[in-house]
Amino acid sequence: MIKPGLKIGIVLTLILVLPSLFFSAYEISNLSKNEAVIDSIYTGQLESILFSLNQYSDDVLSGWANRLERETEDANTLLSKNYSIDAIGIKDINDFKLYAKEKVPEDSLANLHSTLELDFAANLNKIELLQRYVKSGYRKIEALSNSLPGKSLFAFALQKDTLSVKTVLLLVDTDKFISENMGPKIQSVAQERFYISVFKNESEEVYANQIQSGEDKNITQKKDIWLFPDYQLGIQMRGNTIEDLVRERTRTNIILLIVMDIILLLGAWFVYKNVRKQIRLNQLKTDFISNVSHEIRTPLALINMYSETLEMGRIPTEEKKMEYYKVINTEANRLSRMVNKILNFSRIERGKREYHFTNTNLNAEIENIIANYQQHFDQNGFEIELQLADQIPDIKLDKEAVAEAIINLIDNGMKYSAEVKKIEVSTCLDGDLVRVDVKDYGIGIEKKDQPLVFDKFYRVTTGNLAHKAKGSGIGLSIVKHIMEAHHGKVELASDFGKGSCFSLLFPVK
């Protein structure tokens, strides 16, 4: 049979915990998918920007080609108006004309002429392909390999007449082209939203739009520039990148889900503990009612039996009558103490118990308690040993409440003592506390039970004597409440099988 507490735990797990965990797993899975979609869209947008910049640089070169196609002899004008063009070469079947910047010396011009002719020959296969393209009505600009460092060489073919074709070479200073022609476009596209840079050989930055002081730039999104194979365009959002935002959003959402799950699990655990505690408390209350009913029934049965015997006149001697009267009186006192204990506990539970504090000599009060209780000790065969320290200061106490606490501890000691019937009561001054120890040599209390013995209705069940001993389970909880009302505390030291010592600690002030 499944215990009620376990049933509740299973129900809470099925209703609260498992759905929450499944929901969290589902949400985390969706988060990953959503962030992948966002990242894909963002990457596509950046690639579109890089594509437009590449297209623009291609359009610049095409514009130059269009101008030369219309006005082939206007090469010098094109050179003067475009800072990045170093030279223009026009080659037909029999001639190779070279146009260069005016500041270039004659000997350098001759060297340049020779170098370009060699580069032309080295790229002859590409050039022949360009010539075939133009004959079929399609003009294409192609980057050629060249031997000039920091320069880019481009070629395209022009249809001279129906039979002949000429080839145009454009020698461009790459870094100047990027700063003069691509730079303004980069600034226009970037504005205040993006960092856009041009890199040479993937790591050397040769151009960048303006960066504000204190901003951190770490560009990872790069694309090759079509015209310049050794150069790349890089782009990154200003401030937090989409990658950063995606990571931060994912991390935040996951943290929120985890926190929600933890709160839900703690809530379920709290509900489970409280429900289990209530079930245990209800069981203890049931046991309390059963124990109290049994305890009340026993003295009532004895009183009823002895009083009926006396009423019927069946007692032959006065001595026997006195014995019966004594039993009736003892059981009536026992019943009275039991009822008073229950009433006091009820007042404590309702917060209605009142305390009246007066300056009291604790040693004198203990002696008075033992004297009044001596007959009970004698009847049960218990030896009481008092060890009262001298010079115990008077302290403010509620005499009735303290007497009740000490009697409860003595009763407990007697109830759980079998072979060694001895109770020791001692006092001492412990710093700024007055200490009262009530020690027995009974069955003791196991360590697992020691933190629980002051809980209401809790009764130790370990050992045969513990099973046989009757009690309500409220005595020690009353002792704890009384000590708290005196701003003191109660402590327990016990060895299982050797006895227990309960200590009442009262503050001097």
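**Helices, salt bridges and a pocket in the predicted model**

Tyrosine 138 is located in the loop that runs between helix 4 (124-135) and strand 3. The model described here is predicted. With a relative accessible area of 44%, tyrosine 138 is partly exposed, since exposed residues must be over 50% and buried ones under 20%. Its C-alpha atom is separated by 9.5 Å from that of alanine 157, a residue 19 positions away along the chain.

Strand 3 (142-144) and strand 4 (151-159) each contribute at least two residues to the lining of the second largest pocket. The volume of this pocket is about 310 Å³. Its lining comprises 19 residues, of which Asn146, Lys151, Ser152, Pro229 and Asp230 are the closest to the centre. The largest contribution to the lining is that of strand 4, with 4 residues.

Salt bridges number 12 in the structure. One of them joins lysine 151 to aspartate 173, with 3.1 Å between the closest N and O atoms. This pair connects distant parts of the chain, as lysine 151 belongs to strand 4 and aspartate 173 to strand 5 (residues 165-173), 22 residues apart. The two partners fall into separate accessibility classes: lysine 151 has a relative accessible area of 25% and is therefore partly exposed, whereas aspartate 173, at 12%, is buried. Lysine 151 is also among the residues closest to the centre of the second largest pocket.

A salt bridge is also formed between the side chains of glutamate 424 and lysine 422, with an N to O distance of 3.5 Å. Glutamate 424 has a relative accessible area of 14% and so counts as buried. Elsewhere, Asp430, Arg435, Asp437, Lys489 and Glu491 are joined in a network of salt bridges.

Helix 7 covers residues 318-349, and its 32 residues should span 46 Å at 1.5 Å a residue; the C-alpha atoms at its ends are 46 Å apart, in agreement with that expectation. An α-helix has 3.6 residues a turn, so residues three or four places apart point the same way. Glutamate 318 is exposed because its relative accessible area, 54%, is over 50%. Lysine 321, by contrast, has a value of 26% and is partly exposed.

The buried residues of helix 7 are Tyr324, Ile328, Thr330, Glu331, Leu335, Met338, Asn344, Phe345 and Ile348. Just after the helix, glycine 351 adopts a positive phi of about 70 degrees.

Helix 6 (residues 242-311) contains isoleucine 255. This residue has a relative accessibility of 46% and therefore counts as partly exposed. Together with Val259 and Ile263, Ile255 makes up a nonpolar patch on the surface, and the accessible area of the three residues together is about 270 Å².

Key:
Residues numbered from 1 in each chain as written. Predicted model: local features only at pLDDT ≥ 70, side-chain atom pairs only at ≥ 80, totals over all residues. Heavy atoms only, no water. Expected span 1.5 Å × (residues − 1). Buried < 20%, exposed > 50% of the residue type's maximum accessible area, 1.4 Å probe, protein only. Patch = residues over 30% accessible without salt bridge, like charges linked within 9 Å, V, L, I, M, F, W, Y side chains within 5 Å. Areas by Shrake-Rupley, 256 points an atom, 1.4 Å probe, with all protein chains shown as cover. Salt bridge = Lys/Arg side-chain N within 4 Å of Asp/Glu carboxyl O. 1 Å grid on protein atoms, 1.4 Å probe; cavity = no way out; pocket = protein on both sides within 12 Å on 5 of 7 lines; lining within 4 Å. Points joined across faces, edges and corners; volume = space filled by probe spheres on them.
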